[in-house]
Amino acid sequence: MITLEEALNSAKSFIAKMKGLDIELQGRALIEYLDFDVVRKEDTPNHFSLFINFQNSIFGSGRSSFRVDVNKETGVVEDIEKISEE
Amino acid sequence: MKRFLKNKILVDTGALLEYFKLIFGSRYNKLNEKQQDKFIIFNELFKARDLFIIPQVLAELYSLLKRDAKYSLSQIKHWLELLEDPYLRLLKELYIPKEEILREKKYLDFGFTDIALMKALDNDNFLLTTDTKLIILCRNKGFEAHHIEEIFVF
């Protein structure tokens, strides 16, 4: 069983790879500059369902929101849904 | 980053050339760490804004590419093919009539391109350039203008 923090890291890492935000800028992954935020967490029997929100660009005010389901046993992201993009 | 709030960027030749050189470098894995950072920052800024040029900028850009390619037509052709899609196609164009440029007597000191750039500025855009003298001119006229080095500062 993984912790909530591990689930958050798994979701963040998944989003970073999916959006190409894992490239490093001044020694940190680009996603670290994008105000990555978890706005809501839902605890289901098998998953942590995380509602995530982050800036589209380091220069942008626009934000994207996703729901990411992380398996509680394996820590693997098993489902992802884009909720909105401003 | 909050100082770059406007959604439209008018890009000067020097800024565009700097970006395009980073594109070439990235394509052939020739960027050092600092250049790689600059390339990422340029991409982040340019994906978040609408980019505008004036026709004179494209003409100047071609001349500078020709110079950098040591007038090798095959090299220039190769570079332009790399840039055309998506980079050149994404640029939107503004046009300032010649008569409007000539009415601004500062063209005698700054030349046609700089004055056309200044004339193309309004309340919705800002200029991104490598030309400090042009930045001062634009700011004195009440417009927003930034040196490309400003975008690299966190």
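**Exercise 1. Identify the buried residues of α7(B) and what covers them.**

Step 1. The buried residues of α7(B) are B:Thr113, B:Asp114, B:Ile115, B:Ala116, B:Leu117 and B:Met118. A residue is buried if 20 or more other C-beta atoms lie within 10 Å of its own, exposed if 12 or fewer, and partly exposed in between, with C-beta atoms placed from the backbone. Helices (H or I, at least four residues) and strands (E, at least two) are DSSP runs, numbered from the N terminus.

Step 2. That makes 6 of the 8 residues buried, and α7(B) is mostly covered.

Step 3. The cover over these buried residues includes β1, α3 (55-68), α5 (98-103), α6 (107-110), β4 and α8 (132-140) of chain B.

Step 4. The model is predicted: local features need pLDDT of at least 70, side-chain atom pairs count only at pLDDT 80 or more, and totals for chains, interfaces and linings use all residues. Residues are numbered from 1 along each chain as its sequence is written, and chains are lettered from A and ligands numbered from 1 in the order in which they are written. pLDDT is the predictor's confidence in each residue, from 0 to 100. In chain B, confidence is highest in helix α7 (residues 112-119), at a mean of 98, and lowest in helix α2 (residues 33-48), at 93.

**Exercise 2. Decide whether α4(B) is largely covered or in the open, and check its length.**

Step 1. Of the 18 residues of α4(B), the number buried is 1, so the helix lies largely in the open.

Step 2. The expected span of a helix is 1.5 Å times one less than its number of residues.

Step 3. α4(B) bends by about 75° at B:Glu84, and B:Pro86 follows within four residues. The bend is the angle between axes fitted to the seven residues ending at a residue and the seven starting there.

**Exercise 3. Work out the strand order of the sheet in chain B and its pairings.**

Step 1. The sheet is open, has 5 strands with parallel pairing, and runs in the order β3-β2-β1-β4-β5. Its edge strands are β3 (92-93) and β5 (145-147), each pairing on one side only. Two strands pair if DSSP finds at least two bridges between them.

Step 2. β2(B) and β3(B) are joined by 2 bridges, and B:Phe52 has B:Lys92 as its bridge partner in β3(B).

Step 3. Strand β1 (residues 8-11) and strand β2 (residues 50-53) of chain B pair over 3 bridges. Here B:Leu10 stands opposite B:Phe52.

Step 4. At the β5(B) end, 3 bridges join that strand to β4 (residues 125-129) of chain B, with B:Thr129 partnered by B:His147.

How values were computed
Two residues are in contact if their C-beta atoms, placed from the backbone, lie within 7 Å.
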